[in-house]
Amino acid sequence: MTANTTNSTSSTNTTITTCRTFQTAPAAVPRDDTAKYLRSGLTAEGFQAPDWLVPDLEDGTALDMKSEGLENVCDLVPDHDFPGEIWPRVQWSYDDEGFREQGRREIDTLLAELGTKIDGVVVPKVGRRADVERALTAVADAESDAGLQDGSIDLSVIVETARARSDLREIARLGADSRLTALVFGPVDYTAELGGRDLGDGRPQWDGLLEAMSNEASANDLLAIGGPFDDLFRERSGVTIYNADGYADQVEREARIGLDGSWSLYPKQTIQANRIHMPTATELERDVHRIEAFNEAKAAGTGAVTIDGQMVDEATFKNFRNTVETVRAIHRTRPEQTTELYDDGVLKRALDLDVSYR
Amino acid sequence: MTANTTNSTSSTNTTITTCRTFQTAPAAVPRDDTAKYLRSGLTAEGFQAPDWLVPDLEDGTALDMKSEGLENVCDLVPDHDFPGEIWPRVQWSYDDEGFREQGRREIDTLLAELGTKIDGVVVPKVGRRADVERALTAVADAESDAGLQDGSIDLSVIVETARARSDLREIARLGADSRLTALVFGPVDYTAELGGRDLGDGRPQWDGLLEAMSNEASANDLLAIGGPFDDLFRERSGVTIYNADGYADQVEREARIGLDGSWSLYPKQTIQANRIHMPTATELERDVHRIEAFNEAKAAGTGAVTIDGQMVDEATFKNFRNTVETVRAIHRTRPEQTTELYDDGVLKRALDLDVSYR
Amino acid sequence: MTANTTNSTSSTNTTITTCRTFQTAPAAVPRDDTAKYLRSGLTAEGFQAPDWLVPDLEDGTALDMKSEGLENVCDLVPDHDFPGEIWPRVQWSYDDEGFREQGRREIDTLLAELGTKIDGVVVPKVGRRADVERALTAVADAESDAGLQDGSIDLSVIVETARARSDLREIARLGADSRLTALVFGPVDYTAELGGRDLGDGRPQWDGLLEAMSNEASANDLLAIGGPFDDLFRERSGVTIYNADGYADQVEREARIGLDGSWSLYPKQTIQANRIHMPTATELERDVHRIEAFNEAKAAGTGAVTIDGQMVDEATFKNFRNTVETVRAIHRTRPEQTTELYDDGVLKRALDLDVSYR
């Protein structure tokens with residue numbers, strides 16, 4: 001859990017942007033109800049509800065349905081009171097001015113029509129830092145044209161080109177002063193651009209890139225989000241089932257190295273990613289207990305604090321606090337998820353706790 | 001497959017430099033025919049023929065045979081019409097002016113004697129970016145002294161020092177405006193310089209370095225080539241056999257993450273690396289079929305194109321095109337390999353296909 | 001083995017700083033003898049004696065014992081003639097001026113009281129390069145106030161924040177002209193800052209960071225040291241034993257990729273890390289033999305030198321020399337360890353050998 005949770009050692013009330021789940025939904029599909037998946041994302045309930053819903057105007061929507069997709073987004077978003085964040089993905093490409101021009105028009109329309117009913121836009125296929133600066137300018141211009149307050153619409157980028165990976169450190173440093181919010185991995189384009197090959201055991205994992213993305217996000221108070229897992233189903237002896245193991249393995253790998261969230265293509269994936277990027281009931285109970293014990297020892301003035309046989313220094317304390325702050329952030333937008341997962345008493349203690357080290 | 005295949009989304013006739021195999025051959029060995037291995041490389045046929053032949057004046061040729069090695073290269077290269085590229089490796093070292101001076105003399109001689117009968121020179125043990133710039137200057141000076149056209153002789157460097165790894169991104173950016181062509185990994189020197197140790201399970205893999213090399217090559221239109229595998233043979237119950245599994249495992253690992261080619265020390269290694277860095281017959285047939293189906297759907301104007309149950313967007317399309325463009329590039333220099341591996345009809349369709357997305 | 005061993009191809013008498021073991025000892029603990037662990041580190045013998053002893057004023061000493069810890073260090077260090085190096089760890093934090101102020105006071109006191117009885121200070125939780133420069137200034141100021149010669153007290157930093165990892169290359173380049181000596185990994189803080197999670201199979205390994213740390217240390221003549229392993233004991237059927245396998249696995253992983261030393265929390269860990277980061281008796285005998293054979297061939301003027309069936313070029317020669325130079329460096333400070341491990345005759349040959357390639 002990256003953004004704003006770790007760098008201020010004593011603040012207890014920072015607002016954390018939570019994105020356990022980055023769920024894309026095609027903005028238009030060739031069906032009677034072209035907005036079928038978009039509608040379904042906007043009305044999802046319980047653990048199927050993503051933290052971020054990403055209406056997809058790029059690769060998820062066919063070339064001849066782009067304008068219908070844009071209309072769907074502009075029509076449906078205002079009709080639904082979505083508790084998470086809305087982040088449309090527009091068209092873009094670092095090496096194609098035509099795609100960038102379409103992206104700028106989409107951003108203009110979205111901001112003019114929806115204003116702050118959306119939280120930001122997701123820009124794919126960015127190149128080097130200068131290209132991300134172009135995307136920042138496109139958002140700033142559209143914001144100004146739409147009469148919105150400066151900085152009210154944020155930007156997230158998909159890291160899926162060799163140039164963006166090469167400039168990752170420099171791109172992430174834009175986070176300090178700008179509307180940049182999340183770095184999202186795009187493995188399909190990335191693998192194609194590097195010429196990576198599936199020789200029978202799947203796409204490469206790109207461990208180096210993911211570790212760097214987790215680090216640069218943390219170093220610049222950004223979120224880091226993993227890439228889509230498109231092997232949705234698998235067949236066993238003639239029966240096709242949802243590939244729950246494959247997706248959970250990927251999401252757990254992402255959670256281990258500190259990615260804040262995972263990409264979801266499907267409601268069942270959203271359930272899983274929401275759960276994995278959330279402390280377990282046991283973790284919450286354990287860390288609430290540890291912070292309470294630490295606070296008591298601190299109040300009693302005993303200096304060296306040992307809890308469960310382990311001396312608590314600031315480094316270990318940070319881990320306990322991460323758990324509690326993540327739960328608080330989820331509770332603010334998805335209380336139905338926190339109350340379902342956690343015992344009432346523990347949740348209340350987590351919400352009331354003093355989590356400062358000194 | 002990196003160089004020039006991925007950044008122009010619609011061109012169908014870019015010239016791709018192919019280097020599936022970077023085969024070094026000692027320029028002189030202590031035998032009756034001191035040019036034995038060099039001659040054998042220049043006359044290799046079928047799948048034993050490498051894309052790049054690298055007459056080695058550096059570590060492969062003993063100290064007291066350097067000048068004989070240089071003579072061998074100057075004598076033999078003009079006598080053979082080698083269909084691939086010729087890239088002599090000269091002496092160099094970022095921390096030893098003596099080696100650099102010998103390298104400069106070798107480059108001068110090679111360019112004066114052979115001109116554009118060679119395609120470039122390979123410079124080992126480069127350090128930080130400034131040292132690579134020294135090597136670029138050495139080539140430019142020799143080119144000018146030999147009366148060759150500016151830019152006619154290229155440069156590839158071996159990444160085998162901590163300083164070159166540290167500056168990898170900055171070195172690769174020289175690719176944009178210069179004669180820099182390939183980044184080649186040198187694991188023996190690199191491991192020695194870092195003090196890495198073989199504790200019974202072989203040299204470290206340096207996964208981070210290889211992933212970065214693949215990325216920086218793609219970001220700057222360079223080629224990325226893996227390092228040599230010197231465990232050529234293995235013994236089993238008293239019988240010594242060619243270590244086909246060990247080498248293929250390494251080459252497949254390199255191909256997966258998008259390295260364009262592998263280092264070969266031996267004709268059987270060349271056969272294997274040529275094959276692994278080449279689409280299989282099944283891959284070519286599948287991707288030709290997919291592009292044909294895409295082109296038909298595009299012509300029929302049906303916008304959303306679904307092939308074999310998968311919606312084709314630009315990202316997936318790039319993967320199909322990579323396959324076809326790699327085969328075309330190999331066919332230009334090694335038609336005996338493409339006609340041996342692929343069915344005539346499929347190969348012809350691959351050569352004629354329109355591979356533009358829009 | 002990094003520092004100064006690899007970049008000068010012909011020097012045989014460079015002074016190598018050796019740090020196979022970076023053993024922290026709490027400066028004060030809540031016991032009758034608050035200096036128990038510090039004393040025990042200062043008096044350790046044989047293979048239990050670390051190369052570097054790090055009296056810990058930071059996380060190892062409780063908040064209310066900091067000043068007693070500082071007194072213990074100032075009292076005990078002059079009383080013991082520790083043959084390795086003494087490197088107190090002080091308080092610091094890139095994002096907390098309060099911790100930095102305490103750290104500056106601790107550095108001032110240590111240098112005023114102990115002068116060059118200590119070799120340097122270890123500064124934890126550094127951020128970007130500018131923060132490391134602040135730490136360098138703190139040492140320089142204290143040195144000057146204490147009337148010590150400029151550059152007599154060195155600095156090592158713990159890499160345990162996302163910002164330090166992001167700036168690792170830039171921080172390491174301070175090694176060229178400054179007192180910077182070692183880069184040490186701090187996995188607990190680092191994992192907390194990135195939000196990494198233990199999902200049942202331990203903390204992430206951070207392979208990318210460790211590979212980069214090994215490289216940047218080598219590129220800038222610094223030492224690279226692994227992080228602590230705190231899973232000291234394990235239980236099997238009711239019996240608790242020292243976790244010798246867990247620690248050795250970690251130290252071997254570090255040695256393979258060229259880290260110079262490992263962090264030790266415990267005398268048995270020091271024994272193991274001292275042994276693993278030291279050539280085995282077989283390795284020493286083999287490489288002494290190879291260098292002797294090389295020197296004979298060189299004297300006989302036979303140019304191409306083949307030893308044990310392998311042609312010896314400068315790259316392979318470097319590996320042999322690394323072995324011998326590491327043993328020499330250890331012998332200078334810990335002769336009881338080298339004489340215990342190696343056969344007398346071989347050790348004498350190693351100490352007398354000419355290890356220049358040309």
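**Entry 1: the model**

I began with a reminder to myself that this is a predicted model.

**Entry 2: chain A against chain B**

I looked up the contact between chains A and B, and found that 25 residues of chain A and 31 residues of chain B take part. Next I asked which elements of chain A give two or more residues to the side that touches chain B. They are helix H5 (162-166), helix H7 (187-194) and helix H8 (207-219) of chain A. H7(A) supplies the largest share of that side, with five residues. Sorted by class, the side of chain A that touches chain B holds 11 nonpolar, four polar and 10 charged residues.

**Entry 3: chain C against chain A**

I then turned to the contact of chain C with chain A. Here chain C gives 26 residues and chain A gives 31 residues. On the side of chain C that touches chain A, the elements with two or more residues are helix H5 (162-166), helix H7 (187-194) and helix H8 (207-219) of chain C. The largest share of this side is five residues, and it comes from H7(C). By class, I noted 12 nonpolar, four polar and 10 charged residues on the side of chain C that touches chain A.

**Entry 4: the rotation**

I wanted to know how the copies are related. In general, a rotation about an axis and a shift along it relate two copies of a chain. The copies use different surfaces, as 8% of the contact residues of chain A recur in chain B.

I repeated the search for chain C on chain A. A rotation of 120 degrees with 0.0 Å of shift along its axis superposes them, with an RMSD of 0.0 Å. Of the residues of chain C, C:Gly208 comes closest to the axis, at 3.3 Å by its C-alpha. These copies also use different surfaces: 8% of the contact residues of chain C recur in chain A.

**Entry 5: H11 and H12 of chain C**

Now for some helix packing. Helix H11 (residues 281-300) and helix H12 (residues 314-333) of chain C have axes 9 Å apart and pack at an angle of about 120 degrees. H11(C) and H12(C) are therefore oblique to each other. I also noted that H11(C) passes H12(C) in a left-handed crossing. On the H11(C) side, the residues that meet H12(C) include C:Leu284, C:Val288 and C:Phe294. Among their partners in H12(C) are C:Phe317, C:Phe320 and C:Val327. The contact of H11(C) with H12(C) counts eight nonpolar, one polar and four charged residues.

**Entry 6: H11 and H14 of chain C**

H11(C) also packs on helix H14 (residues 344-352) of chain C, at an angle of about 50 degrees and with the axes 10 Å apart. H11(C) and H14(C) are therefore oblique to each other, and H11(C) passes H14(C) in a left-handed crossing. I listed C:Leu284, C:Glu285 and C:Val288 of H11(C) against C:Val346, C:Arg349 and C:Ala350 of H14(C). The classes for this contact of H11(C) with H14(C) are four nonpolar, no polar and two charged residues.

I looked up B:Leu232 in the loop between strand E7 (223-225) and strand E8 (233-236) of chain B. B:Leu232 counts as partly exposed because it has 15 C-beta neighbours inside 10 Å. Leaving out residues up to four places away in sequence, B:Leu232 touches B:Asn243, B:Leu265 and B:Tyr266. B:Leu232 and B:Gln269 are 37 residues apart in sequence, yet 8.7 Å apart in space from C-alpha to C-alpha.

B:Trp206 lies in the loop between helix H7 (187-194) and helix H8 (207-219) of chain B. Its phi is near 55 degrees, a positive value in a residue other than glycine. Is B:Trp206 buried or exposed? B:Trp206 counts as buried, because it has 24 C-beta neighbours inside 10 Å.

C:Ser237 was my last stop, in the loop between strand E8 (233-236) and strand E9 (239-242) of chain C. C:Ser237 is not a glycine, but has a positive phi of about 50 degrees. With 4 C-beta neighbours inside 10 Å, C:Ser237 counts as exposed.

Conventions
Residues numbered from 1 in each chain as written. Chains lettered and ligands numbered in written order. Predicted model: local features only at pLDDT ≥ 70, side-chain atom pairs only at ≥ 80, totals over all residues. Contact = placed C-beta atoms within 7 Å. Helix = DSSP H or I, 4+ residues; strand = E, 2+ residues; numbered from the N terminus. Nonpolar A, V, L, I, M, F, W, Y, C, P; charged D, E, K, R; others polar. Buried ≥ 20, exposed ≤ 12 C-beta atoms within 10 Å, placed from the backbone. Axes fitted to C-alpha atoms, helices over the stretch in contact; angles between N-to-C directions. Parallel < 35°, antiparallel > 145°, perpendicular 65-115°, else oblique. Left-handed = near helix turned anticlockwise from the far one by under 90°. Least-squares fit on C-alpha atoms with pLDDT ≥ 70 in both.
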